[in-house]
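My notes follow in the order in which I looked.

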Amino acid sequence: MMNALPLLVTVLQLQLLSFLVAAVGYSNGFFYQDNGNGNGKKEIYFNGVRLHVETTEAPVFAVRGSSATLPCHYRYEPELNIPRRTRVKWSWLPADRGHETDVLVALGQRHHSFGDFKGRVRLRRSMPGEVSLVIAKLQLNDTGRYRCKVIDGLEDESVTIDLALRGVVFPYQPSRGRYHLNFGTAQQACEEQDSALATFEQLFSAWEEGLDWCNAGWLADGTVQYPITMPRKACGGADMAPGIRSYGTRHRHTHHYDAFCFSSSLKGHVYFLQQPHGLNFTEAMQICEGDRAKIAKVGQLYAAWRFMGLDRCDAGWLADGSVRYPIAHPRPNCGPPEPGVRSFGFPSHHHRHGVYCYISH
Ligand SMILES: *[C@@H]1O[C@H](CO)[C@@H](O)[C@H](O)[C@H]1NC(C)=O
Ligand SMILES: *[C@@H]1O[C@H](CO)[C@@H](O)[C@H](O)[C@H]1NC(C)=O
């Protein structure tokens with residue numbers, strides 16, 4: 001009798017599995033069933049009781065530095081009068097890596113959080129059955145799929161929800177020129193520009209918003225791709241549909257491409273400084289420091305352009321030695337008819353331009 005129940009649950013799990021596949025799993029549940037005899041207390045107690053775990057179907061969007069709440073609720077159907085001792089476990093499947101890692105476990109009022117999430121996560125329990133996850137001080141690499149699992153002694157049930165950051169994707173190549181980055185140096189190049197390698201989802205959103213770039217770049221998952229909105233011969237073929245062209249997964253050490261970096265909103269702000277005769281690169285760095293600021297990084301200029309509407313038709317030095325300017329409202333003599341950050345590449349350091357500085361407050 002006592003052995004029959006786990007066996008039955010296993011059979012039900014198999015059924016559940018096919019149900020989950022069909023339902024894309026944003027809301028699901030399972031049945032505790034009796035074993036057909038109905039003469040043991042356990043069986044009667046569980047007869048027809050169903051545990052539901054629910055979240056919202058839409059992803060949660062946030063910006064870097066802010067907090068995000070990932071909703072999760074559970075309930076029993078029919079409702080139980082006797083409270084049950086449940087455990088809650090949140091885990092995370094990073095956008096760029098293949099394995100789930102633990103975020104937080106809770107048993108009653110006791111919590112434990114893990115790794116990078118230590119001190120940044122807590123459960124929100126503002127109503128019965130709520131076990132939402134609050135993540136503070138969001139980082140660029142917190143995106144991905146989170147799993148809320150409720151464990152009720154015998155069994156567990158879970159749902160997943162995606163966390164995405166609002167941000168901007170920009171193609172990046174270093175001063176040495178095109179196709180000089182392997183996966184590791186691409187990651188590093190983005191980080192040096194206050195950004196992170198973009199995920200496929202981030203590149204896809206940028207493509208939907210019109211990003212067209214005919215050089216292949218690394219993404220966070222180790223694939224190499226590029227977004228094309230205006231098909232042409234040199235960029236995968238003139239008769240191909242617009243889309244993301246993919247070279248698939250490339251060798252992380254030996255293959256070299258550009259990078260697609262992702263930056264989210266800024267805490268501080270970016271501004272332009274100039275001198276009557278311009279500034280060489282050394283002077284540009286110094287004038288920002290003299291202003292208690294720092295010469296801006298490429299990711300900061302993109303974020304300021306995208307989120308604060310920075311618009312300036314003056315070329316300025318940036319921290320990587322490139323010269324660029326941000327245009328939110330295209331006009332004659334300020335580059336192409338689309339908004340964007342224009343680049344003059346990497347001029348010699350003694351050329352004279354203005355400079356973009358960044359102050360974090
Ligand atoms: C995520 O980003 C933070 C801040 O940029 C960094 O300290 C941390 O090591 C990164 N975590 C991973 C797993 O890459
Ligand atoms: C920039 O100009 C200063 C003089 O104001 C000079 O000392 C410095 O070497 C110059 N730097 C470059 C990279 O040309």
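I began with Asn280, where a polar side-chain atom lies 2.3 Å from an oxygen atom of ligand 2, a polar contact being a pair of N or O atoms within 3.5 Å. I then found a polar side-chain atom of Glu283 at 2.5 Å from an oxygen atom of ligand 2, and one of Thr282 at 3.0 Å from a nitrogen atom of this ligand. Taken alone, ligand 2 exposes 370 Å², of which the protein buries 43% (Shrake-Rupley accessible areas, 1.4 Å probe).

This is a predicted model, in which local features need pLDDT of at least 70 and side-chain atom pairs count only at pLDDT 80 or more, while totals for chains, interfaces and linings use all residues. Residues are numbered from 1 along each chain as its sequence is written, chains are lettered from A and ligands numbered from 1 in the order in which they are written, and side-chain values use heavy atoms, with hydrogens and water left out.

I listed the residues around ligand 2 as Asn280, Thr282, Glu283, His349 and His350, each with a heavy atom within 4 Å of the ligand.

I turned next to the open sheet, in which three strands follow the order 4-10-9 with antiparallel pairing; strands are DSSP runs (E, at least two residues) numbered from the N terminus, and two of them pair if DSSP finds at least two bridges between them. Strand 4 (68-70) and strand 9 (121-124) stand at the edges with a single partner strand each, so one side of each has no neighbour in the sheet. I noted four bridges between strand 9 and strand 10 (residues 132-135), and Leu123 opposite Leu133 in strand 10.

Key
A polar contact is a pair of N or O atoms within 3.5 Å; within protein, one must be able to donate a hydrogen and the other to accept it, and residues adjacent in sequence count only if both atoms are side-chain atoms.
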